[in-house]
Amino acid sequence: MSTPAWPEIRECADQAPYPVEVLPVDAQRAQQCLSAFGMTERSWLGAVMLHTGGILIDHGWLRVLGSGYEGRRGPLPDVVSAAAPSTGSVTVAHDVLGGHFVWRQSAPESPPTVHYYAPDTLAWEDLELGYGRWLAAMLTGWLSDFYASLRWSGWADEVAGTRLDQGIHTWPPPWTAEGKDLGTVSRRAISMTELISFHQS
């Protein structure tokens with residue numbers, strides 16, 4: 001019999017080379033999310049929904065969606081409300097710059113993998129990792145390399161002070177030659193919805 005995935009996720013989080021915060025969970029809401037997806041806690045996504053309101057990785061740079069959170073730092077949506085059934089994709093995380101990760105199939109017969117929409121290229125990239133392998137990688141150190149070109153001096157304090165329903169808008173934007181160095185651009189917090197829309201417009 002398969003065992004619950006949460007102990008393995010918790011172990012990865014405890015051994016992370018940067019801060020990881022597990023947001024409090026509402027048990028009733030968690031069960032509703034789990035039922036809506038027809039999942040069990042034996043899967044990594046099911047375990048994240050059942051045991052967390054979300055997971056904040058590296059001072060909140062990456063916000064992994066769980067069963068939703070309402071708190072003083074602002075709301076974080078749940079995985080179910082962020083899903084797009086018409087396209088078969090599930091948004092599983094946002095980053096503070098408005099990049100986002102979705103879990104979906106690349107082809108009808110292929111297993112779903114995590115895809116990333118990058119704010120510095122305005123393109124989708126198939127990371128060729130299932131949800132569990134992707135989350136384990138992000139928890140255990142890959143995040144630092146993944147975002148190495150998008151960090152600036154003092155970013156940690158700035159990110160930690162940003163609400164969970166906000167991201168950091170930069171101008172010039174990161175996909176322009178003038179906006180590549182995020183330490184020299186104008187930065188301000190705006191709603192995450194607005195930021196994602198800006199990058200996709």
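Trainee: How do the residues of the lining of the largest pocket divide into nonpolar, polar and charged?
Mentor: Five are nonpolar, six polar and one charged, where Ala, Val, Leu, Ile, Met, Phe, Trp, Tyr, Cys and Pro count as nonpolar, Asp, Glu, Lys and Arg as charged, and the others, Gly among them, as polar. This is a predicted model, where local features need pLDDT of at least 70 and side-chain atom pairs pLDDT 80 or more, while totals for chains, interfaces and linings use all residues. Residues are numbered from 1 along each chain as its sequence is written, and side-chain values use heavy atoms, leaving out hydrogens and water.

Trainee: Which helix gives the most to that lining?
Mentor: H7, with four residues. Helix H7 (192-200) and strand E5 (89-95) each supply at least two; helices (H or I, at least four residues) and strands (E, at least two) are DSSP runs, numbered from the N terminus.

Trainee: New topic: what does E2 pair with?
Mentor: Strand E2 (residues 54-57) pairs in the antiparallel sense with E1 (residues 20-23) over four bridges, and likewise with E3 (residues 62-65), again over four bridges. Pairing takes at least two DSSP bridges between two strands.

Trainee: Are the E2 residues buried or exposed?
Mentor: Buried, meaning under 20% relative accessible area (1.4 Å probe, protein chains only). Gly54 and Leu56 point one way, Ile55 and Ile57 the other.

Notes
Buried means under 20% relative accessible area, exposed over 50%, partly exposed in between (1.4 Å probe, protein chains only).
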